[in-house]
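Reader: I am new to this structure and would like a friendly walk through it. Could you take my questions one at a time?

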Amino acid sequence: MLKKALLSAVALAALAMGSAQAEDLKTFRVGILGGENEADRLRNFQCLADKLPEALGVEEVQFFPASDYDGVVQGLLGGTLDYAELGASGYAKVYLEDENAVEPILTTVQTDGSTGYHSVMVARADSGIKTLEDLKGKKLGFADPDSTSGYLVPAVTLPAAIGAPVDEFFAETGFGGGHENLVLEVVKGTFDAGTTWASGVGDFSEGYTSGNLHKMVEKGILDMDDLVEIWKSPLIPNGPVVVRTSLDDGMKQAFKDFMMQLPETDAECFSAIQGGDYTGYTEVTPEFYAPIIEARRAQIGS
């Protein structure tokens with residue numbers, strides 16, 4: 001039942017602050033990143049609550065839907081979460097604070113075979129903004145300070161594209177409170193443009209094949225005719241599926257096997273978790289994220 005599987009974000013915050021708990025292999029704890037409506041996130045992950053107990057030999061799955069990226073990061077650092085799906089920058093934050101806290105084990109594969117995605121900057125279609133130069137002196141929105149595509153990559157790569165530091169080129173920058181809300185704020189006019197994430201594969205008119213824009217289109221809360229694409233970043237490594245390093249080795253392997261098989265055993269569940277069209281998972285190690293770790297170290301420091 002959803003009620004049994006769910007714990008509040010308040011409980012997550014308390015756990016992440018370091019409340020000591022003994023290892024309990026009867027419960028598998030899942031961190032869910034913020035960035036879209038909480039009810040939608042829980043609905044998308046419900047299939048794991050139905051399937052993982054049998055696959056892992058646990059009694060229940062507990063969900064911890066954080067209000068932002070940092071809530072899950074702190075849960076992982078505190079050892080109070082067993083699994084989460086992070087963006088590359090979120091993983092870099094965990095790694096820079098404690099490289100032994102989690103293990104990246106898998107990442108997704110796009111329909112074109114790549115293991116990356118893009119930061120995409122969008123503006124209102126009726127704004128008259130068509131190029132980066134049109135944004136000089138205007139207001140730019142980022143998704144979340146711990147988002148790879150929503151902040152880190154634009155912050156690192158935009159200066160070369162605009163020929164100036166971000167804080168000098170734009171009149172103002174701010175955060176939209178997650179990817180979904182950021183795009184809605186662009187549509188409302190709070191920001192002149194904003195950065196979010198997309199596969200970059202397929203048609204912009206459909207929100208591409210996966211990513212935040214695609215999910216918003218599928219939920220019926222975004223009409224792509226209302227937006228225009230201003231800029232697209234170089235390819236970014238897809239974020240990792242991570243597990244707690246201290247988790248029992250047998251459970252780690254059982255979980256990894258379950259996830260690797262999920263695209264075949266339950267394609268609908270796989271698609272719901274990932275929010276778009278992917279072909280499956282592939283294995284990764286920390287080395288896959290070394291460029292993002294170094295970019296975060298240089299830009300943010302931790």
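Predicted model: local features only at pLDDT ≥ 70, side-chain atom pairs only at ≥ 80, totals over all residues.

Reader: How many disulfides does the structure hold?
Author: A disulfide is a covalent bond between the sulfur atoms of two cysteines. Here the sulfur atoms of Cys47 and Cys269 lie 2.1 Å apart and form such a link. The number of disulfides in the structure is one.

Reader: Which helices does the link between Cys47 and Cys269 join?
Author: Cys47 and Cys269 are both buried, and their link is right-handed, with 75 degrees about the S-S bond. The two cysteines are 222 residues apart, so the pair links distant parts of the chain: Cys47 sits in helix H3 and Cys269 in helix H11.

Reader: Are H5 and H12 roughly parallel or roughly perpendicular to each other?
Author: Good one! Residues of H5 including Tyr91 and Leu96 meet Ile292, Ile293, Arg296 and Arg297 of H12. By class, this contact has seven nonpolar, one polar and three charged residues. The helices pack with their axes 9 Å apart, at an angle of about 70 degrees. Angles of 65 to 115 degrees count as roughly perpendicular, and H5 and H12 are therefore roughly perpendicular.

Reader: Is His214 buried or exposed?
Author: His214 belongs to helix H9, residues 212-218. Beyond its neighbours within four places in sequence, His214 is in contact with residues including Glu206, Gly275 and Gly276. Buried means under 20% relative accessible area. At 9%, His214 is buried.

Reader: Which residue has its backbone oxygen 2.8 Å from a polar atom of the His214 side chain?
Author: Among the residues in contact with His214 are Gly207, Tyr208 and Thr209. The one whose backbone oxygen lies 2.8 Å from that polar side-chain atom is Tyr208.

Conventions. Residues numbered from 1 in each chain as written. Heavy atoms only, no water. Disulfide = S-S within 2.5 Å. Helix = DSSP H or I, 4+ residues; strand = E, 2+ residues; numbered from the N terminus. Buried < 20%, exposed > 50% of the residue type's maximum accessible area, 1.4 Å probe, protein only. Axes fitted to C-alpha atoms, helices over the stretch in contact; angles between N-to-C directions. Parallel < 35°, antiparallel > 145°, perpendicular 65-115°, else oblique. Contact = heavy atoms within 4.5 Å. Nonpolar A, V, L, I, M, F, W, Y, C, P; charged D, E, K, R; others polar. Polar contact = N/O pair within 3.5 Å; in protein donor to acceptor, adjacent residues only side chain to side chain.
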